[in-house]
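Hello,

Here is the structure you asked about. The sequence and coordinates come first, and my notes follow below.

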Amino acid sequence: EAMTALGTAYAILDRHDDARRIVVSCEAASPGPMARQVLTYIHAAIACSAGETERARRLLTQSTTEQPVPAAQIWYEFLTGWSYLWEGRPAMAEQAVRPRYAGWEARFGRRGSSSAVLGGVLAGACWQQDLRDDARVLLAGRFDLLEQASGYGGLVQAFLTMSRMATLDGDEVRALAYLEALAAVGENRGMVRVVAASLTER
């Protein structure tokens, strides 16, 4: 399980070659149920990053013959929502995430990392559908959690949505500050795609 946790960290940091090596090693060792669930997430995350979003969702769906442990379930749900955003289908992302988000928030509270992670994806989906007030509420008071807990998809959705909110409010300085902060996070974590997303938005 420690090795699968390391593989997940590699996947979140876009170190996919390292993540694949961990997966191969773990699968050769006959992993237990929890480790198998984490390995499924890693496979799906790598597929999603390669643009194979439908395959990613299929991997996650096929794995649900075993009830995922909470630590795996939250990332399954996050990746499902993010995959739809990647495809430019925010309505599908909202449909997939909103009911799950409500359950995590009821269970762990607004400041729980699980509800915050899903809230970032849901905020992006709402913003892209012009549900501006919903997006603002979802991000308010939890931006620090999103920055700490999220990988590429969650970081980019949170920072870009906040920047676009500032632009809509006429505050170009604050909008640019969010994009600069996003680039700084990407540089600190060695995540080139995060830096690229910031530069593209500018």
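Among contacts in the chain between residues at least 6 apart in sequence, what percentage join residues at least 24 apart? The figure is 59%. Please keep in mind that this is a predicted model.

Overall fold: the chain has twelve helices and zero strands. Along the principal axes, the C-alpha atoms fill a box of roughly 55 × 35 × 30 Å.

Surface and burial: 50% of the 202 residues count as buried. The accessible surface comes to about 9,500 Å², and carbon and sulfur atoms account for 54% of that area.

Charge: there are 21 positive and 23 negative side chains. The centres of these two sets lie 3 Å apart.

Core: the largest nonpolar core holds 57 residues. Which of them touch the most other members? They are Ile42 and Leu79. Leaving aside residues up to four places away in sequence, Leu79 touches Tyr41, Ala44, Ala45, Cys48 and Leu60.

If you open the model, Leu79 and the residues it touches, among them Tyr41 and Leu60, can be picked out by number.

Regards

Note on methods. Residues are numbered from 1 along each chain as its sequence is written. This is a predicted model: local features need pLDDT of at least 70, side-chain atom pairs count only at pLDDT 80 or more; totals for chains, interfaces and linings use all residues. Side-chain values use heavy atoms; hydrogens and water are left out. Helices (H or I, at least four residues) and strands (E, at least two) are DSSP runs, numbered from the N terminus. Buried means under 20% relative accessible area, exposed over 50%, partly exposed in between (1.4 Å probe, protein chains only). Contact means heavy atoms within 4.5 Å. Accessible areas come from the Shrake-Rupley method with a 1.4 Å probe; for residues, only the protein chains shown count as cover. Lys and Arg count as positive and Asp and Glu as negative; His and the chain ends are not counted. The place of a charge is taken as NZ of Lys, CZ of Arg, CG of Asp or CD of Glu. A nonpolar core is a set of buried Ala, Val, Leu, Ile, Met, Phe, Trp, Tyr and Cys residues joined through side-chain atoms within 4.5 Å.
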